[in-house]
Structure formats: C-alpha cells, structure tokens
Amino acid sequence: MRIATWNVNSVKTRVPRLLPWLEDRQPDVVCLQETKLSDEAFAALLGDTLNNLGYAFAHHGHGQWNGVAILSRLGLDDVERDFTGQPQFAGKVEARAISATCGAVRVHSLYVPNGREVGSDHFDYKLAWLDALAAAVAAGPTDVALCGDMNVAPADADVFDPAAYLGHTHVTPEERARIAAFGLVDVVRERWPQERVFSYWDYRAGMFHKDLGMRIDLVLMSRGVADRLAAAWVDRQARKGSGPSDHAPVIVDLDSAPDGDIGPVVPPPSNPIRSGRGVRLPQSPPL
DNA sequence: ATGGTTGCGCTGCAA
C-alpha cells in the first residue's frame, strides 16, 4: 500500500505534472492540498481521468484558496469533510481537512493554516486548529495516517538554517508541541534519522537549486501502522523541471496489514525500518 | 540576466 501526500499549489496548474507523476509512482492513496478549486471544478477537471486510472476521489474546496482531496484505489469509505470542532477564521470554516478510510487506515489530507506572523490572529488560529485536530483524531480510529502540509518543521534539522527562522512561524515551540502532541510517528524522520530531507523550497532566489528548504509536509502514523513501514521518502524529482509545485510529494509504502485484508499476508519483518521489504522504488537518499 | 517566484485574478495578497 503506497500512500502519498502532495501540496500541489493549484491542481489546475499542476495537471501536467500530476498525471505523469501518478503514472510513474503508482500511489494507491493520494492526499492533495491547495487544490484551489471548488468540488464541482475539481470533478470537471479530473473526475473522468481519475476514474479511468482506477481512483475514487473525494474533494473539499471552495475555490481560489485551500482545497484538499483524497484519491484512492483501495477503497474510499466514510468520507468526512472538516473535523469535529474545527475552528473558523474570519467567520468561516476553511477547506483544509478531509478524511476517509482507505485500506483499513483512517487517512487525513490536511492543509494546516500557515500562521503568517507569530502572535497574529492567524497564528492563534493555527494553534487552535491543531489542538482541535488532535482531539478529533484521538476520538477516531486507532489506525490513522495524518498526511499533508502541516506548516510546521518538527525540529531544527527540518529547516536549512534554524537561525534564519528565529522569530518566524513553523519552528516555534508552540507549533512543535502541537505536532508532538498527536503522539504519532513521523515516518520519514524515523526512516531517515540523520539525513537532510526537505519537502518545501521557496520559489524565490534559487532556493531549490541550493537545497535551502524545510520539511513541513509530513506523514504522521499511529505506531501499529508505522510498524508496517517499508519505505518513506520525499520525491524530489517532482520539484524539478518546468512548472513544479513549491512542495515535493512525500511517499510512504506499507507492507500488507497483519490481518491480510490487503493482498497476501506477509509477516512483519523483525526490523521493518531497515529491512527494505516491499520497496517498489529504489530507496534513494532524499537528496 | 542589474533578477527575491508563483498563483489567483485583476489589485494586491497569500504563501
């Protein structure tokens, strides 16, 4: 089971990158963020194409800003738009969260508020949003994957220069405490504990070329799901070339569930992180 | 090449 998450920064603009990427990477479940479309526009743009590729999909968007989706060819059940207690901003619940059950895992596609400036109304909104999400997830199924643009770098190693971010959002103790409070496994960092691995690079000033980025697109899994990990990596190829998003996809492969309800039963390896079993693409270093 | 970029949507804001 291959799960991917990608902030595409406008799915309409990104169609020429998204469709070849789906063909190349063959993800079973895809979480998209910043689609910037209404549900109707998303269905009109991609509905037939996705169905022909074997994906069911659920989209949640109001157009122009935000917008999230889940694509799945392993089932897409009990779709929920927003989450219980989701805070509003400027009097509105924004389209930043959608969840569904795919292959016995409760999958969330999330676009956490940016926060803008530390101490701003938007920053308070970000913290409240993460608190409410944690409560909602805790009340839900045990086997869970939070996927998306969390807009938080969990540790100093997740930014190119911690000093450059002092006083900025994405790195404050308050934001990092919210990520830790989920009590979930950050699977890319667990798999690559010492590597320089980013998922976002500003478009400006040649930041990607110089590999000056941040790791803010995360896959956070409950322990039982993370124990099935076969691979976890950032697909930097998707950030290269013409017309990329400013974010790269994160791709996670899971071995079959112990109950064998997805494909053949495979006993869990004694060390699933290092075994490399089930890898369908080379475990290239994240650079 | 005297250059912070891109997307949305039409003016400047959000990221």
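The model is predicted, so local features are reported only at pLDDT of at least 70 and side-chain atom pairs only at pLDDT 80 or more, whereas totals for chains, interfaces and linings use all residues. Residues are numbered from 1 along each chain as its sequence is written, and chains are lettered from A and ligands numbered from 1 in the order in which they are written.

Chain A contains 7 helices and 12 strands; helices (H or I, at least four residues) and strands (E, at least two) are DSSP runs numbered from the N terminus. Of its 287 residues, 45% are buried, a residue being buried if 20 or more other C-beta atoms lie within 10 Å of its own, exposed if 12 or fewer, and partly exposed in between, with C-beta atoms placed from the backbone. Contacts are counted where the C-beta atoms of two residues, placed from the backbone, lie within 7 Å. Among contacts between residues at least 6 apart in sequence, 70% join residues at least 24 apart.

An open sheet is formed by 6 strands in the order 5-6-7-8-10-9, with mixed pairing. Strand 5 and strand 9 (185-186) are the edge strands, each pairing on one side only. Two strands are taken as paired if DSSP finds at least two bridges between them. Strand 5 (residues 77-81) pairs with strand 6 in the antiparallel sense over 3 bridges, and Glu-80 has Ser-99 of strand 6 as its bridge partner.

Strand 6 (residues 97-102) is mostly covered, with 6 of its 6 residues buried. In a regular strand, side chains alternate between the two faces of the sheet. Ala-97, Ser-99 and Thr-101 point one way from strand 6, while Ile-98, Ala-100 and Cys-102 point the other way. Strand 6 is also joined to strand 7 (residues 105-111) by 6 bridges, and these two strands run antiparallel. Ala-100 stands opposite Val-107 of strand 7. The hairpin of strand 6 and strand 7 has 2 residues between the strands, and Gly-103 in this hairpin takes a positive phi near 55 degrees.

Ser-199 lies in the loop between helix 5 (187-191) and strand 10 (217-221). Ser-199 counts as buried because 28 other C-beta atoms lie within 10 Å. Leaving aside residues up to four places away in sequence, Ser-199 touches Arg-215, Ile-216, Asp-217, Val-234, His-247, Ala-248 and Val-250. Leu-74 is 125 residues from Ser-199 in sequence and 26 Å from it in space, C-alpha to C-alpha.

Helix 3 (residues 121-138) packs against helix 4 (residues 173-181) at an angle of about 10 degrees, with the axes 10 Å apart. Helix 3 is therefore roughly parallel to helix 4, the cut-offs being under 35 degrees for roughly parallel, over 145 for roughly antiparallel, 65 to 115 for roughly perpendicular and oblique for the rest. Axes are lines fitted to C-alpha atoms, for helices over the stretch in contact, and angles run from 0 to 180 degrees between N-to-C directions. Leu-127, Leu-130, Asp-131 and Ala-134 of helix 3 meet Glu-174, Arg-178 and Ala-181 of helix 4.

Around DNA strand B there are 13 residues, of which Ser-10, Gln-64, Asn-114, Tyr-203 and Arg-204 come nearest; a residue is near a molecule or strand if its C-beta atom, placed from the backbone, lies within 6 Å of it.
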